[in-house]
Amino acid sequence: MRLREFNEEGALTVLQQFKESDLSHVQNKSAFLCGVMKTYRQREKQGSKVQESTKGPDEAKIKALLERTGYTLDVTTGQRKYGGPPPEDVFKGTQPGIGTEVFVGKIPRDLYEDELVPLFESAGPIWDLRLMMDPLSGQNRGYAFITYCNKDDAQKACEAL
């Protein structure tokens with residue numbers, strides 16, 4: 001999608017929303033901008049005014065989590081990906097295989113990594129956590145995928161949580 005395909009008001013709205021976004025965890029800013037444009041178009045098609053997204057995560061708590069764990073967080077339009085791979089002091093092996101990914105549903109829409117990671121890392125070291133996001137509302141979609149560093153910890157998470 002190209003910005004010049006928007007009318008002046010639409011282009012200014014997209015750029016304003018991009019400018020006001022917290023990009024501290026966004027590694028691919030051009031992909032994020034494309035996501036903002038796509039979301040604007042979808043809302044426009046639905047006939048609804050493009051509104052500011054709902055209150056997101058507490059950035060101070062997210063920053064504290066990342067500092068404590070040494071993991072990275074990549075925010076794109078459809079998901080927030082925590083980790084993958086983890087820091088070497090957490091896990092030095094190769095990418096986990098079959099049986100290490102856990103689907104988690106019915107997550108409250110206002111929960112983010114600062115509350116989810118401590119809960120799920122209690123079962124063992126996490127390779128990555130992918131929290132699926134709704135680009136129209138800005139909230140999580142209520143589900144995530146968590147990949148553990150080994151199969152036993154994934155099984156332990158299923159049993160305990």
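Tutor: Two strands pair if DSSP finds at least two bridges between them. Helices (H or I, at least four residues) and strands (E, at least two) are DSSP runs, numbered from the N terminus. This is a predicted model, in which local features need pLDDT of at least 70 and side-chain atom pairs count only at pLDDT 80 or more, while totals for chains, interfaces and linings use all residues. Residues are numbered from 1 along each chain as its sequence is written, and side-chain values use heavy atoms, with hydrogens and water left out.

Student: What pattern does the protein follow, read along the sequence?

Tutor: The C-alpha trace spans about 55 × 30 × 30 Å along its principal axes. Its secondary structure comes to five helices and five strands. Along the sequence the pattern is α-α-α-β-β-β-α-β-β-α.

Student: In what order do the five strands form the open sheet?

Tutor: S1 and S2 pair in the antiparallel sense over three bridges, and a hairpin of three residues joins S1 to S2. S2 (residues 79-83) is joined to S4 (residues 126-133) by five bridges, also antiparallel. The pairing in the open sheet is antiparallel, and the order is S1-S2-S4-S5-S3.

Student: Which strands stand at the edges of the sheet, and why is one side of each left without a neighbour?

Tutor: The order of the open sheet is S1-S2-S4-S5-S3. An edge strand has a single partner strand, so one side of it lacks a neighbour in the sheet; the strands in question are S1 (73-75) and S3 (101-104).

Student: Which residue in S4 is the bridge partner of Gly83?

Tutor: S2 and S4 run antiparallel. Gln79 stands opposite Met132 in S4. Asp74 has its bridge partner in S2, namely Lys81. For Gly83, the bridge partner in S4 is Asp128.

Student: At what angle do H1 and H2 pack?

Tutor: Two packed helices are described by the angle between their axes and the distance between the axes. Axes are lines fitted to C-alpha atoms, for helices over the stretch in contact, and angles run from 0 to 180 degrees between N-to-C directions. H1 (residues 8-20) and H2 (residues 29-45) have axes 10 Å apart and pack at an angle of about 130 degrees.

Student: Which class does that angle give H1 relative to H2?

Tutor: Angles under 35 degrees count as roughly parallel, over 145 as roughly antiparallel, 65 to 115 as roughly perpendicular and the rest as oblique. The angle between H1 and H2 is about 130 degrees. That makes the arrangement of H1 to H2 oblique.

Student: How do the residues of the contact of H3 with H4 divide?

Tutor: Contact means heavy atoms within 4.5 Å; Ala, Val, Leu, Ile, Met, Phe, Trp, Tyr, Cys and Pro count as nonpolar, Asp, Glu, Lys and Arg as charged, and the others, Gly among them, as polar. H3 (residues 59-69) and H4 (residues 113-120) pack at about 35 degrees, with axes 9 Å apart. Lys61, Ile62, Leu65 and Arg68 in H3 meet Glu113, Asp114, Val117 and Pro118 in H4. The division is four nonpolar, no polar and four charged.

Student: Why is the pair of Phe103 and Tyr143 given its class, and what is that class?

Tutor: Rings of Phe, Tyr and Trp (its six-membered ring) pair if their centres lie within 6.5 Å; planes under 30 degrees apart count as stacked, over 60 as edge-to-face and the rest as tilted. The structure holds five aromatic pairs. In the pair of Phe103 and Tyr143 the centres are 5.8 Å apart and the planes stand at 35 degrees, so the class is tilted.

Student: What is omega for the peptide bond that joins Gly84 and Pro85?

Tutor: Pro85 is found in the loop between S2 and S3. The bond between Gly84 and Pro85 is cis, with omega about -5 degrees.
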